[in-house]
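Here are my notes for your review, as numbered points. Please read them with the model open.

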Amino acid sequence: MQNKNFERVYKMSFAGVYPHYIEKAEKKGRTKEEVHEIIFWLTGYDEKSFQEILENKTNFKDFFENAPKINPNVSLIKGVICGYRVEEIEDELMRNIRYLDKLIDELAKGKSMDKILRK
């Protein structure tokens, strides 16, 4: 991956991408609440702080850098997303973004929440 592409992604508003996560999940019979559970598990945000992220149109860089607590079990997330093995992405911020993509993919593919949340 090239760093100029990273910068473009980092500057994207999380609120701009968020509806796509919801749509992807709902198309496959999953819920907005499940998407929130994944986001909160990954980042440590809660409903109130997350709503502020959406209202403020916070970008991906700030969304992850200001996350209350990245879940310590993220290292258990493995696999390919966008042609890259998530566990091999060296840039921590991009890896966190791809972790979220991977978890939403798993939700859309019908995995149980326990498996998605690495319980």
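1. Start with Phe63. This is a predicted model. In it, Phe63 has a relative accessible area of 0%, so Phe63 is buried. Phe64 counts as buried too, because its relative accessibility is 5%. The two rings form an edge-to-face aromatic pair. Their centres are 4.9 Å apart, with 85 degrees between the planes.

2. Look next at the other aromatic rings. The whole structure holds ten aromatic pairs. One of them joins Phe40 and Phe50: the centres lie 5.7 Å apart and the planes stand at 75 degrees, so this pair is edge-to-face. Phe40 sits in helix α3 and Phe50 in helix α4, so the pair ties together parts ten residues apart in sequence. Phe50 has 0% relative accessibility and therefore counts as buried. Ring pairs also build a cluster, whose members include Phe14, Tyr18, Tyr21, Phe60 and Phe64.

3. Now the core. The largest nonpolar core has 39 residues, and Phe14, Ile38 and Leu100 touch the most other members. Elements that give two or more residues are α1 (3-11), α2, α3, α4, α5, α6 and α7 (113-116). Helix α6 provides the largest share, eight residues. Leaving aside residues up to four places away in sequence, Leu100 touches Phe14, Tyr21, Ile38, Ile39, Leu42 and Phe64. As a general background, nonpolar side chains in soluble globular proteins tend to be buried together.

4. Which residues of α2 are buried? They are Phe14, Ala15, Val17, Tyr18, Tyr21, Ile22 and Ala25. These cover an arc of only 155 degrees around the axis, which means they lie on the same side of α2. On the other side, His20 and Lys27 are exposed. The buried residues of α2 pack against α3 (32-43), α4 (47-55), α5 (60-65) and α6 (92-108).

5. Check both ends of α2. Ser13 caps the N-terminal end: a side-chain oxygen is 3.1 Å from the backbone nitrogen of Ala15. Just after the helix, Gly29 adopts a positive phi of about 80 degrees.

6. Finally, inspect Asp101. This residue is found in helix α6. Its relative accessibility is 13%, so Asp101 counts as buried, the cut-off being under 20%. Not counting residues up to four places away in sequence, Asp101 touches Tyr21 and Ile81.

Key: Residues are numbered from 1 along each chain as its sequence is written. This is a predicted model: local features need pLDDT of at least 70, side-chain atom pairs count only at pLDDT 80 or more; totals for chains, interfaces and linings use all residues. Side-chain values use heavy atoms; hydrogens and water are left out. Buried means under 20% relative accessible area, exposed over 50%, partly exposed in between (1.4 Å probe, protein chains only). Helices (H or I, at least four residues) and strands (E, at least two) are DSSP runs, numbered from the N terminus. The arc is that of the directions from the helix axis to the C-beta atoms. Contact means heavy atoms within 4.5 Å. A polar contact is a pair of N or O atoms within 3.5 Å; within protein, one must be able to donate a hydrogen and the other to accept it, and residues adjacent in sequence count only if both atoms are side-chain atoms. A nonpolar core is a set of buried Ala, Val, Leu, Ile, Met, Phe, Trp, Tyr and Cys residues joined through side-chain atoms within 4.5 Å. Rings of Phe, Tyr and Trp (its six-membered ring) pair if their centres lie within 6.5 Å; planes under 30 degrees apart count as stacked, over 60 as edge-to-face and the rest as tilted.
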